[in-house]
Amino acid sequence: MAMLTEVLSRRCVVMRLVDFSYERYQKALRQSAGAVVIILPQNMSTMPQDIVQQFMEMEPELLATETIVPVYFALEDDELLSIYEQTLISSSSQGSASAAEVLLHTATANGFQMVTSGAQSKAVSDWAITSLEGRLAGVGGEDLPTIVLVAHYDSFGVAPWLSYGADSNGSGVSVLLELARLFSRLYTYKRTHAGYNLLFFVSGGGKFNYQGTKRWLEENLDHTESSLLQDNVAFVLCLDTLGNGNSLHLHVSKPPKEGSPQHVLLKELEMVISSQYPDVTFSMVHKKINLADDTLAWEHERFGIRRLPAFTLSHLDSHRNAVRSSIMDMRPHVDLRKLSRNTKIIAEALARVIYNLTEKVMFRETSQVQEEQLSSVVDWLTTQPRAAQLVDKDSIVVTTLEYHLSRYLKDVKKHYVKADKRDPEFVFYDQLKQTMNAYKVKPAVFDLLLAVCIAAYLGVIYLAIQVNSLW
């Protein structure tokens, strides 16, 4: 094992995140290292933000770089830290020692042999991406307008098993579940049972070009005779990355027409923020859908392609922000107070649209946003790696989301997406997590030196016996 010496063939390069740089990583690859191990701290909140941000911005490069050298990510523990420190001492001592000292150290020092177990990764042909929907039916007629609330639950990063997606998009799912709880209470009573259908959709495969949403739209618009999406859709509000920041941005593909339900929501958001949360800045970000791009920018674009009025609300002003696809997006990235504030803003603006009220505070006291509920959902989500490759239809992530939706909504259903075998939209592989064992070993030259010493010792004994026999 090596830190970064000149000859790395069959050596395992170990780096801590605090010492990681793309240049050192590339150097290890160029020198044909046997493997690279990148050690991540157990508590990301202890890391300086500039280092975290630097790594997040490098992750796309790591993913895009094709290499035959295996790259492993591991969380720091006492044993791994001990191996790192011993290797560091060994490497640094050789740099300043004389040739004789280096030779002696090489012969006597302890080394580590790193061995991984596991079969060769192979494509999984029958993996299903799971999405869930539930609804609250409005009252007052057959052709009621429908508001659709959407959040994708999966995460993404360079190491699937370490992808916790706290802000992107654990925060969006947490807000959606809290909105489901709030409006289910209002829809329970006749006085507050509104004339809007509310359709909630928790989508899978969001990090894979929103495959769950794409198939859900196909099922509802192309393969069924009756669907809430085929009737009177007021608007689709997608929730994405809402756990931090002091700004909110409404991302649109087409600016809403004045007087439309989308425009009403836009104005209510502006009014709620300016009157109740003056420290928060709000803006609309207009970006046309570019079908020439390999991936869509935001989830609302899936709906826009099917001519449904949709937008995405986020504290990010750009879809290119590194936090959306990073293993660094852990629990410290979500500020509970800001998540709660953003939930209140969205709930208040939606309520004003649904009940046709302006300048009235809807959510007070008993019906207010519950920070404890938000906190428990975020805490739970950020203990579950939710890369789409890990979340099958029977996973605890899916079953728990289904349980929460069923508490508040009616007609909760699952929807499955499998890749087309002839022209797959996505390909998942197994063997995403491996166990690496470290064995403390002596170098090969130690065996040679030991053999020479034994031979010399036996030679001396032989000569002594011969001399004694002559006497």
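A salt bridge here is a side-chain nitrogen of Lys or Arg within 4 Å of a carboxyl oxygen of Asp or Glu. I start my notebook with that, then go looking in this predicted model.

**Entry 1: salt bridges**

I searched the whole structure and got 16 salt bridges. Side chains of opposite charge can pair when their charged atoms come close. I picked out a few pairs to look at.

My first stop was D430. D430 pairs with K122, and their closest N and O atoms are 3.0 Å apart. Where do D430 and K122 lie? I found D430 in the loop between β14 (428–429) and β15 (435–441). K122 sits in the loop between β4 (111–117) and β5 (123–124). The pair therefore ties together parts that are 308 residues apart in sequence.

Next I checked accessibility. D430 has a relative accessible area of 19%, so D430 counts as buried, because the cut-off for buried is under 20%. K122 comes out at 52%, so K122 counts as exposed, since exposed means over 50%.

I moved on to E133 and R135. They form a salt bridge, with the closest N and O atoms 3.0 Å apart. Is E133 buried or exposed? E133 is buried, at 3% relative accessible area. R135 is partly exposed, at 22%.

Then I looked up R306 and D222. Their side chains meet in a salt bridge, 2.7 Å from N to O. R306 lies in the loop between α8 (300–305) and β12 (310–314). D222 belongs to helix α6 (residues 211–222). This pair ties together parts that are 84 residues apart in sequence. I noted R306 as partly exposed, with 30% relative accessible area. D222 is also partly exposed, with 44%.

I also noted one network. K214, R215, E218 and E425 are joined in it by salt bridges that share partners.

**Entry 2: a three-stranded sheet**

I turned to an open sheet of three strands. Its order is β1-β2-β3, and the pairing is parallel. Which strands stand at the edges? They are β1 (12–16) and β3 (71–75). Each has a single partner strand, so one side of each is left without a neighbour in the sheet. The twist averages 20 degrees from one strand to the next.

I looked at one pairing in detail. β2 (residues 35–40) runs parallel to β3, and five bridges join them. In that pairing, V36 stands opposite V71 of β3. Helix α1 (residues 22–30) packs on the sheet and touches β1, β2 and β3. I noted that the direction of α1 makes about 175 degrees with that of β1.

**Entry 3: Q389 and helix α11**

I looked up Q389 last. Q389 lies in the loop between α10 (371–381) and α11 (396–408). Its relative accessibility is 16%, so Q389 counts as buried. What does Q389 contact, leaving aside its neighbours within four places in sequence? I listed W127, P160, F208, F428 and L432.

I followed the chain into α11. This helix has 13 residues. From first C-alpha to last, α11 reaches 19 Å, close to the 18 Å expected at 1.5 Å a residue.

Which residues of α11 are buried? I wrote down V397, V398, T400, L401, H404, L405 and Y408. These buried residues pack against β6 (128–136), α5 (166–186), β8 (197–203), α10 and β13 (410–418).

Technical notes:
Residues numbered from 1 in each chain as written. Predicted model: local features only at pLDDT ≥ 70, side-chain atom pairs only at ≥ 80, totals over all residues. Heavy atoms only, no water. Helix = DSSP H or I, 4+ residues; strand = E, 2+ residues; numbered from the N terminus. Buried < 20%, exposed > 50% of the residue type's maximum accessible area, 1.4 Å probe, protein only. Contact = heavy atoms within 4.5 Å. Expected span 1.5 Å × (residues − 1). Pairing = 2+ DSSP bridges. Axes fitted to C-alpha atoms, helices over the stretch in contact; angles between N-to-C directions.
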